[in-house]
Amino acid sequence: METGRRMKAAVVKETSPGERRVALVPDAVARLAPAGIDVLVESGAGDGAWLSDAAYADAGASIVSAAEVYRTADVILTVTRPRPDAVAELRAGQAVIGMLAPLADPDYAAALAARGVTVISLDGLPRTLSRAQPMDALTSQSNVAGYKAALVGAGEFGRFFPLLITAAGTARPAKVLVLGTGVAGLQAIGTARRLGAVVSGYDIRPTSKDEVTSLGATFLELTSVGSGAGEGGYARELTGEERQAQQEELTGHIARQDVVITTAQVPGRKPPLLVTEDAIKAMAPGSVIVDMAASALGGNVTGSVPGQTTVTGNGVTIVGAENLAATVPTAASNAYSRNISALLLHLTRDGALAIDTSDEIQAGVVIAHDGRVVHQGVASLLQPVEGDAGVDGTAD
């Protein structure tokens, strides 16, 4: 794009099942304008988050059809991915920005690279950089999901969360265990505490203890597993022996809980199994497990099914809590909009994207550019073919 020309950034309507978030909210339109960015919004894009076309138009955005979005936009803004058939409508020189999960599906990134599309995914943001924090969509959406997980657990539990002393008798507080105390886990702990439950938390990273106790919860310390701290603020993957020892020791603790919330995930890989069949059988009837890691890759809980709630033979409810952030669409969209706006402004110079992978932030989020998959982590997952076409995107 020539210097002085205004960039057209388009917000598309999400089409994934159950997805109600939108990539940009009306308030963001005015913040992007001074950087030379005009906003197009596909009609109905904000409906799931209760944001009308009129609200976007009043903020200065242009309401257009889906066909107009792909025909005229320079940048496509999305929460997850554009609709499956949109790949054929994308053209060389366009960019797609969203949470595109390239580590879980590197072939998708390669397909877009083959069309000359610049692929930018917020999943890869280096979260330890302080200047990247306003762009950290994984954190903002995990906060929303952790909050909702505690509410889902309370809703499925057949008794009260808080201690209640009434004329009809006394109800003891619920005992809640949160496994995995990253952003989502800490928010689940805080929410369950505010609901009045007696809460404990466990994580293989020993540094999590202070965070858990600062929220008024008890930190569960296992003697069978050493430190599981990894790089970039994530937990490392345990060995087979460590996982076995962890599961065996956790089983006794899980059996004493009313509600268990699991949050442990490894980006692009199968989540670790934390709640085994034996642990479920040891739980009391009426107990609830909320598996926030439930996905097509698996989950933390034996028998959990993403997007479904099941009841075991011994009366334990297992919630496959897939994509909880989408069930709080307005709050989640507001947070995500700030994240994607901050990233877009970081990438924009004189009304155009200025791709420079020597920048630490761009090195993490820019997946494909100039017809090639440039992110080494994603490129390494692609099957090499003659001429390295699977990485540079020159093959169909």
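**View A. Strand β13 and where its side chains point.** In strand β13 (residues 288–291), V288 and V290 point one way while I289 and D291 point the other way, and all are buried. Do keep in mind, as you look through these views, that the model is predicted.

**View B. Strand β13 beside β12.** Here strand β12 (residues 259–262) pairs with β13 in the parallel sense, over 4 bridges.

**View C. Strand β13 beside β15.** Turning to another pairing of β13, we find strand β15 (residues 317–320) running parallel to β13 and joined to β13 by 4 bridges. D291 is a handy landmark again: its bridge partner in β15 is G320.

**View D. Helices α5 and α10 in contact.** Two packed helices are described by the angle between their axes and the distance between the axes. For helix α5 (residues 137–156) and helix α10 (residues 329–347), the axes come within 9 Å and cross at roughly 170°. Because angles over 145 degrees count as roughly antiparallel, α5 is roughly antiparallel to α10.

**View E. The residues between α5 and α10.** From α5, the contact is made by A137, S140, Q141 and V144, and from α10 by A332, A335, Y336 and N339. What kinds of residues make up the contact of α5 with α10? They divide into 5 nonpolar and 3 polar, with no charged residues.

Terms used: Residues are numbered from 1 along each chain as its sequence is written. This is a predicted model: local features need pLDDT of at least 70, side-chain atom pairs count only at pLDDT 80 or more; totals for chains, interfaces and linings use all residues. Side-chain values use heavy atoms; hydrogens and water are left out. Buried means under 20% relative accessible area, exposed over 50%, partly exposed in between (1.4 Å probe, protein chains only). Helices (H or I, at least four residues) and strands (E, at least two) are DSSP runs, numbered from the N terminus. Two strands pair if DSSP finds at least two bridges between them. Axes are lines fitted to C-alpha atoms, for helices over the stretch in contact, and angles run from 0 to 180 degrees between N-to-C directions. Angles under 35 degrees count as roughly parallel, over 145 as roughly antiparallel, 65 to 115 as roughly perpendicular and the rest as oblique. Contact means heavy atoms within 4.5 Å. Ala, Val, Leu, Ile, Met, Phe, Trp, Tyr, Cys and Pro count as nonpolar, Asp, Glu, Lys and Arg as charged, and the others, Gly among them, as polar.
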